[in-house]
Amino acid sequence: MYFFLCNLSFLEIWYTTACVPKAIGVMLGTSQTISFIICILQLFFLLSMGSTECFLLAVMAYDCYLAICHPLRYSSFMNNTFSAQLALLSWLCGFLAISVLASLISRLSFCGPNIINHFLCDVDSWIALSCTDTSLVELATFIVSIIVIVVSCAITLISYIYIISTILRIPSAQGQQKAFSTCLAHLTVVTIWYGSIIFLYAKPSAQNSMDLNKTINIFNTIVTPLLNPFIYTLRNKEVKETLGKVLSGI
């Protein structure tokens, strides 16, 4: 679990780095321009790391499944080699899934106003500025989003169906609570993350309210990565005891 958490933490450091500094510059009025190349690179890395996070969360759900449903065989199943392979596969799938989409977006033509109604370079922003037919890009965005979200969601959902059924068969309430606490943090993160990305990307058309999209993107790119460390650390007994001592001393 901690190996996958390290991957998730490393990913979210770069995920926020790709958008937050520029977003702060835009909001403060100190950096309100961006070149074509930098904009397409920002979009590529944001979407690639977002897709990678989907796959990592699915792998972590599978890890929880093995830990709860097959505790005696967990060490033999989830060894160091297999863990590294799953993490590497998540990164590769995340970046490869967005490569085609980024290539299609980079070929769009722009002949009108060049003002992006956003604090980052998102797919909807590019589509709104393009003066050529964007139906192929919108279709590719929808297909890639569905593949990434459906595949990762399916793995996560199936894993939790088995997890919940196993927990319900535990005879003692204390045993059920202990087993459920193992995956509670992950389940919270999954709910927050998928709730936002399904709204943003799993739609057949990009012609939605840009202001609403910006609000969801703030939640997705800033709030969620900020909350994740607290969600995962507060399930740790030592962290909770230390936090309790600090709060009691105030």
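## Basis and confidence

The model is predicted: local features need pLDDT of at least 70, side-chain atom pairs count only at pLDDT 80 or more, and totals for chains, interfaces and linings use all residues. Residues are numbered from 1 along each chain as its sequence is written, and side-chain values use heavy atoms, with hydrogens and water left out.

The protein chain has a mean pLDDT (the predictor's confidence in each residue, from 0 to 100) of 82, and 91% of its residues reach 70 or more. Helices here are DSSP runs of H or I with at least four residues, numbered from the N terminus. Helix H5 (residues 80–106) has the highest confidence, at a mean of 91, and helix H10 (residues 237–248) the lowest, at 71. Where pLDDT is low, the predicted coordinates should not be read in detail.

## Largest pocket

At least two lining residues come from each of helix H2 (20–28), helix H3 (36–69) and helix H6 (123–129). By type, the lining has 14 nonpolar residues, eight polar and one charged.

## Cysteines

There is one disulfide (a pair of cysteine sulfur atoms within 2.5 Å). It joins Cys 39 and Cys 121, with the sulfur atoms 1.8 Å apart. Cys 39 lies in helix H3 and Cys 121 in the loop between H5 and H6, so the link spans distant parts of the chain, 82 residues apart. The angle about the S-S bond is -115 degrees, and the link is left-handed.

Cys 39 is buried (under 20% relative accessible area; exposed is over 50%, with a 1.4 Å probe and protein chains only), at 5%. Cys 121 is buried too, at 3%. Cys 54 is in no disulfide, and the nearest cysteine sulfur, that of Cys 153, is 7.5 Å away. Cys 54 is buried at 2%, and Cys 64 at 6%.

## Helix H2

Lys 22, Ala 23 and Gly 25 are the buried residues of H2. Seen down the helix axis, they fall within an arc of 160 degrees, so they line one face of H2; the arc is that of the directions from the axis to the C-beta atoms. Met 27 and Leu 28, on the other side of H2, are exposed.

Key: Nonpolar A, V, L, I, M, F, W, Y, C, P; charged D, E, K, R; others polar.
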